[in-house]
Each structure stands twice: as structure tokens, then as C-alpha cells.
Amino acid sequence: MSATPPPRGTRPRNRRALIRDAATELFAQRGYANVAVSDIAAAVNVGASAVYRHYAGKADLLFDAIDTALETTLGALPTDDAADLSQIAAVLARATLDTREAGVLMQRESRNLSPDAAAQIRKKRVQISGWLTTEIAARRPELTTEQAELLGVCASDTLTSISFHRQVLPRPAFDDLLTDLATRILRMDPPADTTRETRARRPKPATRADEILDAATDLFAERGYAEVSIDDIGAAVGIAGPSVYNHFASKQDILVDALARGLRGLRAAMDTARDEGRTPAEVLRHLSDAYVDLTLDHPSLVTAMITELIHLGGEARAAEARQMQREFIQDWVALAGAHHPDDPVVTRIKVQAAQMMANDVARTPRLRRIPGLRATARDAAWLLQQ
């Protein structure tokens, strides 16, 4: 826990909030499945029984962490019709920074909620999204409702991208940067493209191992690594669970290979961009567009790379996958810096905003009905890196 916990044996009035804040931080850092109630109790210097006096269990804590962040955002939404798009972006930027770690929980851990709790969270997220769509449409009557919705989602995803990395700027400079990035999206003109997204056909697996990786990636994305067994993976490809071990030593190896395969695809996209582009701007645009395409064509892979990387162990192959991810981001940031020299921290925030915006758009099935989704996501990702 970032703050110093109160001395053991004391009874601070805000103990429930301290417990919730500690759980939020631990869930974000380690992953929900890797945190026990005893870990949360230790973070606030109490016994587990003290946690249970306030919460029924981990899932209850997870719900409260996410729900509190959403209530913070709902309470901050301006009621003044005179607020312009930049003022709306500023309010959302402040709320996002104030509840930064909760963004990880919404994106990565909300599937651990009970159906009722998940429905309550979904209702509030829809409420915020609907409010933003209405506000954009009121200020930009030239847009269709679908275009206003898509821009609102892209702007919101741009803001929540900060939850997935540790880049820090002093406030209010951080607020100003996020406000600027979100405002760019809210004010952008959607491209004149009426193409609707269709599900990309996955190439037929070349080997049984590839078939297992495809099936496991889908299952990890849908249920989460911790909830998928070897028997589940075997059943998905029509073999007995133990037969999976003829191809992989463990479930952990399957995860490592699945993520490494995705990272190799990203590296290939970067190599192609360098071959095709003559200037830093051309290389960066090729890479940015290729990344958006990959996310839209392989949403399960993207989901697994976002949600399951935290489950990699400490062995050499897992460390290699993490290093591949770091090097890919570092190389992208270097390209962005060559195109548009800026403070390195600012450049990294912009690049990761573009990446996470693309990731989240790809993982939101309802957006696929909106004409011009791919072209809009490409332009938005490019705009964020200027």
C-alpha cells in the first residue's frame, strides 16, 4: 500500500476505505487471482477478520473498488450545458487520474465479479458512456449518434490507458496532457468510410500445437488464465486434457507461447513498417495502422495479452516474453520521438494511449456495427501520437 498503514490495534474511522484502497492497489499490481484476503489485511496492518467485518470477501472488495471509481466519475460529470468538449475532457481526465488503478480492475478483473455485481458495474459504465455520447452529439450535430458514440469510447479509452503503465507527470501537467489527448479525439472528424467490420477468418492451424494455442488464447481471453484448466483446453480441440502435455510441458508454457506468438506478430509489423516507410512519419503511420488492424483482426489475442501477462511466472521463457514486450514499446516510443520530438515521458504516454485505445476498441464487440470503425480507430491512434 502506498500510504503508511495505521498502527496495529488502532481503529481508524476510515478503515473500510483503507482496506478498499489497499485491495485496489494489490489487485492492480498482482492480479485478482494472485491476492489473498490475508495480503490485503497485512497491507493495512490488521488481521483478516477485520477485513471480513467490512467485506464478505475478495469479490465484494473488487466490486467496491470499481464501483467507487465509477461513482467518483459520475459525481464529477458537469451538469452545465455550457461546458465545451475540452472542459468535458478535463473533468474526465481529473476523475481518471484520481482513480487511476481502478481502470485496470475494470478492464482486467471485472470478469471475477458475480453476475449481479457485474450487471451493476455495467449499468454505471453504460450510463457514463451514454452521457458522453449525448454531450458530444449536442455539441457536434454534424455527427451521427454512432460516430459520437465511437469518438466517446476512443476518448475514454485514451484516458484509461494510464492505468496500465507507470509513467507519471506532476499534476496539473498530467491533467493537461490527458485533457489535450482526449480533446483531440472528441474534436476529430471521422473519416468518410461506410465499411462495417466483419469477423476476420483465422488461418487454419498448421500443427496441433498451433490449434492448442488458438483454443487456449480464446479461453484465456474469455474466462481468464486462472479459470481455464488443461482439460478445458484439450476439450476445445477435441483431445483429452493429458494429451495436451504431448505438445506443452504446462499450462504456463501454453500462455508463454501464446503471448510470445502475438509479440512476434507485433515485431513483424514493426519490421514491415520500417521497410515500407521512408521518413519517421511514414514508418510510424505504417506501424500505427498495422497495430490497429492486428487488434481488430485478433481481439482474443489482444485480450489475452492485456489480461493474462500478469500470470507469467519468473522462469526464463516468461522473462523473455516480458522483455519482448518492453523492447517493442521502447522501439515504438523511439519512432514516435523521431517523428515528433518531445519529453520522453510524454511521448511514451501518447504511444501507450494509442495502443490501449486500439486494444479497447477491438475488445468492445458492439462497436463493430459502427461504419468506418477501422478507419476511425486508425486516425485516432495517429492523432494521439502527434
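## Terms and basis

Contact means that heavy atoms lie within 4.5 Å. This is a predicted model, in which local features need pLDDT of at least 70 and side-chain atom pairs count only at pLDDT 80 or more, while totals for chains, interfaces and linings use all residues. Residues are numbered from 1 along each chain as its sequence is written, and side-chain values use heavy atoms, with hydrogens and water left out.

## Methionine 324

Methionine 324 belongs to helix H15 (residues 316-339), where helices are DSSP runs of H or I with at least four residues, numbered from the N terminus. Leaving aside neighbours within four places in sequence, methionine 324 is in contact with Ala260, Leu263 and Arg264. The C-alpha atoms of methionine 324 and alanine 260 are separated by 7.8 Å, although these residues stand 64 residues apart along the chain.

## Helices H12 and H14

Helix H12 (residues 251-276) packs against helix H14 (residues 299-307) at an angle of about 110°, with the axes 10 Å apart; axes are lines fitted to C-alpha atoms, for helices over the stretch in contact, and angles run from 0 to 180 degrees between N-to-C directions. H12 and H14 are therefore roughly perpendicular to each other, a term for angles of 65 to 115 degrees. The contact is made by Ala258, Leu259, Gly262, Leu263 and Leu266 of H12, together with Leu301, Ala304 and Met305 of H14.

## Helices H9 and H16

Helix H9 (residues 173-187) and helix H16 (residues 344-362) pack at an angle of about 40°, and their axes are 12 Å apart. Phe174, Leu177, Leu181 and Arg184 of H9 make the contact with Val346, Ile349, Lys350 and Ala353 of H16.

Note on methods: Helices (H or I, at least four residues) and strands (E, at least two) are DSSP runs, numbered from the N terminus. Angles under 35 degrees count as roughly parallel, over 145 as roughly antiparallel, 65 to 115 as roughly perpendicular and the rest as oblique.
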